[in-house]
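Open the model in your viewer and get ready to click along. We will go from stop to stop, selecting as we go.

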Amino acid sequence: MNILNVENLNLGFECENGFFSALYNVSFSLAKSEMLALVGESGCGKSISAMSILQLLPKTAQITSGKITFDDKNILEMSPTELQHLRGAKIALIPQDPMTSLNPLYTVGDQLLEVIKIHQNLKGKAAIEKAVEAFKSVQIPNPEERLRAYPHEFSGGMKQRGIIAMALACNAEILIADEPTTALDVTIQAQIMDILEKIKQERQTAILLITHDLAVVKEHADRVAVMYSGRIVETAPANEFFANPKHPYSLALLNSLPSNRGKVLETIQGQPPSIQQKIDGCKFHPRCKFCMEICKKVAPTSQKIGENHFVACHLVNKNS
Ligand code: SF4
């Protein structure tokens, strides 16, 4: 059963020289115990889609239409108090840089206990027990002692574990992990991803993983949604996506993976467009080697091509 639904989300930015659309009819869902990877190049709209869920958008951003439902309640219609309860207690953010969420002036333990007090209404010994349990769940050694440490005494990977522990202490039902391992070295990256996977399995937590790292996606995600220039161009179960990618952009991303041993590595020609750049038809057409005349004029709509497999590309009609 889905606990989160994003439906036809349209969002833009009010800039000095006008209003520019950044998300076009973005739709995706998330079920309990599911890890959905939202992938694509920088600036494609992954993070802004995630921030829309938490309603943590820059002042210039404006949602023009769409619906985001959590447990059948529209997040876009929630009051500030309801939103405050939602963030942290129900949906938690694991950011790329954990220092954006940790205050350097307080110990990690104090910050964790504050979260437990607000969201779990626990104090004293009960709160400390909950904090120790959360630290143990993310494999922080000597948890009682580490609660007294300041963020600067934690390594990058340890800080990220501290943030995940805060989400666990609140029993968050959804984790939004925005490039959670980008700033970490490869061994620590693997440890953090293993922790997230364990949380998903043991607690039925739903995870929205924002990443450009397809190797991580292949190893951990259940489903993949590929974004390009503010649109979702392909969605599929992960095994189906890696075995049978259909959108030319997905193919190009996969062909540029260094793990494609034995195959010629490809680069995707050109750059992703900025939101101020006007491109008619399919936004990928200036970079697509399969581009047809229709692609330059008409934007393709998403079509079902298999079990839970959707693609927005005119080639689908041509080949069917
Ligand atoms: Fe390429 Fe056309 Fe498909 Fe766009 S719609 S990805 S330009 S083939």
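Start with the ligand and its shell: by class, nine of the residues around the ligand are nonpolar, three are polar and none is charged. (Ala, Val, Leu, Ile, Met, Phe, Trp, Tyr, Cys and Pro count as nonpolar, Asp, Glu, Lys and Arg as charged, and the others, Gly among them, as polar.) Select H247, P248, C282, F284, H285, C288, F290, C295, P300, C313, H314 and L315 to see what surrounds the ligand; here a residue is near a molecule if one of its heavy atoms lies within 4 Å of it.

A word on what you are viewing: this is a predicted model, where local features need pLDDT of at least 70, side-chain atom pairs count only at pLDDT 80 or more, and totals for chains, interfaces and linings use all residues. Residues are numbered from 1 along each chain as its sequence is written, and side-chain values use heavy atoms, with hydrogens and water left out.

Next, select the open sheet of four strands, ordered β2-β1-β4-β5 with antiparallel pairing. β2 (18-31) and β5 (73-74) stand at the edges with a single partner strand each, so one side of each has no neighbour in the sheet. (Strands are DSSP runs of E, at least two residues, and helices runs of H or I, at least four, numbered from the N terminus; two strands pair if DSSP finds at least two bridges between them.) Now pick β1 (residues 2-15) and β4 (residues 61-70), which pair over eight bridges. Within that pair, N5 stands opposite T69 in β4.

Last stop: helix α6, where 13 of its 14 residues are buried, meaning under 20% relative accessible area with a 1.4 Å probe, protein chains only.

Note on methods: Buried means under 20% relative accessible area, exposed over 50%, partly exposed in between (1.4 Å probe, protein chains only).
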